[in-house]
Amino acid sequence: MAQLKVLRHLVRAMFKLHIVDWSNRQTHQNHLERYFRIRYEIYVVGRKWQHIDRPVPLEIDAFDIRDTIYLLGIDDTGNIAIAVYRPGSSA
């Protein structure tokens, strides 16, 4: 019975993966904006990186370019997980 409870939890925690590039960025604009707001909270508010502060609370930098690819994991409740691939980067 305990295994069944764990399985149900894992199924609820699953998300849909969306690959976002320049061609479909507008479709996922709300999720990307939320991601940039979270980055702002982490770096500007949390770490006090005032040199990147701007009037609009979004942390978008020189690496968020046309070639950047975002992998968005979105669950049924709207939680998101994001991985970023930047072509040409060594990581």
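The model is predicted: local features need pLDDT of at least 70, side-chain atom pairs count only at pLDDT 80 or more, and totals for chains, interfaces and linings use all residues. Residues are numbered from 1 along each chain as its sequence is written, and side-chain values use heavy atoms, with hydrogens and water left out.

Start with the overall plan. The protein chain has 2 helices and 3 strands. Helices (H or I, at least four residues) and strands (E, at least two) are DSSP runs, numbered from the N terminus. Along the sequence the pattern reads α-β-α-β-β.

Now the sheet. It is open, has 3 strands in the order β1-β2-β3, and pairs antiparallel. β1 (16-20) and β3 (80-85) each have a single partner strand and stand at the edges, so one side of each is left without a neighbour in the sheet. On average, neighbouring strands are turned by 20° against each other, direction ignored. Axes here are lines fitted to C-alpha atoms, for helices over the stretch in contact, and angles run from 0 to 180 degrees between N-to-C directions. Two strands count as paired if DSSP finds at least two bridges between them.

Follow the pairing across the sheet. β1 and β2 run antiparallel and are joined by 5 bridges. Strand β2 (residues 69-74) is joined to β3 by 6 bridges, again antiparallel.

Turn next to the charged side chains. The whole structure holds 5 salt bridges, a salt bridge being a side-chain nitrogen of Lys or Arg within 4 Å of a carboxyl oxygen of Asp or Glu. R39, E59, D61, D64 and R86 are linked in a network of such bridges. R39 sits in helix α2 (residues 29-46). Its salt bridge with E59 brings the closest N and O atoms to 2.8 Å apart. That pair links distant parts of the chain: R39 is in helix α2, E59 in the loop between α2 and β2, 20 residues apart. Both R39 and E59 are buried. Buried means under 20% relative accessible area, exposed over 50%, and partly exposed in between (1.4 Å probe, protein chains only). R39 has 7% relative accessibility. Leaving out residues up to four places away in sequence, R39 touches V44, E59, I60, D61, D64 and R86, where contact means heavy atoms within 4.5 Å.

R86 and D64 also meet in a salt bridge (3.9 Å, N to O). R86 lies in the segment after β3 and D64 in the loop between α2 and β2, so the pair ties together parts 22 residues apart in sequence. D64 is buried at 11% relative accessible area, while R86 is partly exposed at 24%.

E33 is partly exposed at 31% relative accessibility, and R37 is partly exposed at 36%.

Finally, some totals for the protein chain. Buried residues make up 22% of its 91 residues. Among contacts between residues at least 6 apart in sequence, 48% join residues at least 24 apart.
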